[in-house]
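Good morning, colleagues. Please look at the structure on the screen while I take you through several of its local features.

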Amino acid sequence: MPRFLAVYTMKPEDLASFRNLPKAEQDAVDEWSAWEERNAASIPDPGGMVGKTTRMTKEGVVNAVNSFCGYLVIEGESADAAARLFEHHPHMTVFPGDGVDIMPFLT
């Protein structure tokens with residue numbers, strides 16, 4: 001079964017607002033856990049959430065900003081099939097996420 005990297009995206013300003021919510025609201029992950037349980041057979045690596053970005057450039061190490069806030073590895077017949085698993089995902093319905101980018105592993 002083809003594998004894909006699924007990257008959760010969130011605008012940096014929305015992520016900052018989310019991090020300012022009370023801890024109890026940040027941890028309201030019942031819907032997220034339910035989604036993972038329903039799709040467990042398609043998730044070989046549950047990944048995790050990620051923090052601030054540090055980038056290595058020709059000039060050295062620099063801080064960077066991107067919209068990545070988490071990832072997982074998912075299996076599907078195609079990129080479209082893998083993407084459809086995220087329809088109505090709590091990342092976008094409960095949390096202030098704006099999307100999930102799906103990328104095939106080529107090697």
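Glu77 sits in the loop between strand 5 and helix 4; helices and strands here are DSSP runs, helices being H or I with at least four residues and strands E with at least two, numbered from the N terminus. Please note that this is a predicted model, in which local features need pLDDT of at least 70 and side-chain atom pairs count only at pLDDT 80 or more, while totals for chains, interfaces and linings use all residues. Residues are numbered from 1 along each chain as its sequence is written, and side-chain values use heavy atoms, with hydrogens and water left out.

With a relative accessible area of 63%, Glu77 is exposed; the term means over 50%, buried means under 20%, and partly exposed lies in between, for a 1.4 Å probe and protein chains only. Although Glu77 and Arg3 are 74 residues apart along the chain, their C-alpha atoms are separated by 8.7 Å.

Which residue forms a salt bridge with Arg3? It is Glu75, and the closest N and O atoms of the pair are 3.0 Å apart. The rule asks for a side-chain nitrogen of Lys or Arg within 4 Å of a carboxyl oxygen of Asp or Glu, and by it the count comes to 1 salt bridge. Glu75 belongs to strand 5 and Arg3 to strand 1, so the pair ties together parts that are 72 residues apart in sequence. Glu75 is buried at 19% relative accessible area, whereas Arg3, at 41%, is partly exposed.

I turn now to the aromatic residues. A pair of aromatic rings is described by the distance of the centres and the angle of the planes. Rings of Phe, Tyr and Trp (its six-membered ring) pair if their centres lie within 6.5 Å; planes under 30 degrees apart are stacked, over 60 edge-to-face, and the rest tilted. The search of the whole structure finds 4 aromatic pairs. One of them joins Tyr8 and Phe86: the ring centres are 6.1 Å apart and the planes stand at 80°, so this pair is edge-to-face. Tyr8 lies in strand 1 (residues 3–9) and Phe86 in the loop between helix 4 (79–84) and helix 5 (90–93), so the contact ties together parts 78 residues apart in sequence. Both are buried, Tyr8 with a relative accessible area of 2% and Phe86 with 3%. Together with Trp32, Trp35 and Phe95, they form one aromatic cluster.

The loop between helix 4 and helix 5 also holds His88. Most residues other than glycine have a negative phi. In His88, however, phi is positive, near 60°, and the residue is exposed at 70% relative accessibility.

How many residues line the largest pocket? There are 20, of which Val29, Trp32, Met49, Cys69 and Phe95 lie nearest its centre. Two or more lining residues come from each of helix 1 (12–19), helix 3 (30–38), strand 2 (45–49) and strand 5. Strand 2 gives the largest share, 4 residues. As for the term, a pocket is an open set of points on a 1 Å grid over the protein atoms alone, where a 1.4 Å probe fits, with protein on both sides within 12 Å along at least five of seven lines; lining residues have an atom within 4 Å of a point.

Finally, Tyr71 is found in strand 5 (residues 68–75) and is partly exposed, with a relative accessible area of 32%.
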